[in-house]
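Let's take a friendly walk through this model, from its sheet to its charged side chains. Keep the structure open beside you as you read.

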Amino acid sequence: MDIKVGQVLEFVDPVNVEGKAIKPGTRARVGYILTEVLEPKLTLVLLGEEKPTTIVVDHRVAGVHCRIVSNGT
């Protein structure tokens, strides 16, 4: 999956990230892509939360458990 900054992703599977349970249907905007030696990490801003919440996930996690719903344009 070609993930870019500004895209909106939707989790299609339940996943635990940083001790937070993310439910299917949760949407997140890609805020930043951190280039790492082994695997890029994505900073995601969870949408629909009462207060802004950010999480950091491996590119692989987003590729397996999310789908792109908006290209951010």
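## A buried valine in the helix

A residue counts as buried when its relative accessible area is under 20%. In this predicted model, Val61 has a relative accessibility of 14%, so Val61 is buried. You will find Val61 in helix α1, which covers residues 59-65.

What does Val61 touch, once its neighbours within four places in sequence are left aside? The contacts are Val15 and Cys66. Val12 lies 49 residues away from Val61 along the chain, and the C-alpha atoms of these two are 11 Å apart.

## The sheet

Five strands build an open sheet with antiparallel pairing, in the order β6-β5-β4-β1-β7. Strands β6 (53-58) and β7 (66-70) are at the edges with a single partner strand each, so one side of each has no neighbour in the sheet. From one strand to the next, the twist averages 40 degrees.

Have a look at β1, residues 8-11, which is covered on both faces: Val8 and Glu10 are buried on one side, and Leu9 and Phe11 are buried on the other. Strand β1 pairs antiparallel with β4 (residues 27-34) over 3 bridges, and here Glu10 stands opposite Arg27. With β7, strand β1 forms 4 bridges, again antiparallel, and Phe11 stands opposite Cys66. Elsewhere in the sheet, β5 (residues 41-46) and β6 are joined in the antiparallel sense by 6 bridges, with Leu44 partnered by Ile55 of β6.

## Salt bridges

How many salt bridges does the structure hold? There are 6. One of them joins the side chains of Glu49 and Lys20, at 3.8 Å from N to O. Glu49 sits in the loop between β5 and β6, while Lys20 belongs to strand β3 (residues 20-22), so this pair ties together parts 29 residues apart in sequence. Both partners are partly exposed, Glu49 with a relative accessible area of 35% and Lys20 with 28%.

The side chain of Asp58 meets that of Lys41 in a salt bridge of 2.6 Å, N to O. Because Asp58 lies in β6 and Lys41 in β5, the pair ties together parts 17 residues apart in sequence. Asp58 is buried at 19% relative accessibility, whereas Lys41 is partly exposed at 28%. Asp58 also forms a salt bridge with Arg60, with 3.7 Å between the closest N and O atoms; Arg60 is partly exposed at 49%.

Finally, back to Glu10: a network of salt bridges links Glu10, Arg27 and Arg67.

Methods: Residues numbered from 1 in each chain as written. Predicted model: local features only at pLDDT ≥ 70, side-chain atom pairs only at ≥ 80, totals over all residues. Heavy atoms only, no water. Pairing = 2+ DSSP bridges. Helix = DSSP H or I, 4+ residues; strand = E, 2+ residues; numbered from the N terminus. Axes fitted to C-alpha atoms, helices over the stretch in contact; angles between N-to-C directions. Buried < 20%, exposed > 50% of the residue type's maximum accessible area, 1.4 Å probe, protein only. Contact = heavy atoms within 4.5 Å. Salt bridge = Lys/Arg side-chain N within 4 Å of Asp/Glu carboxyl O.
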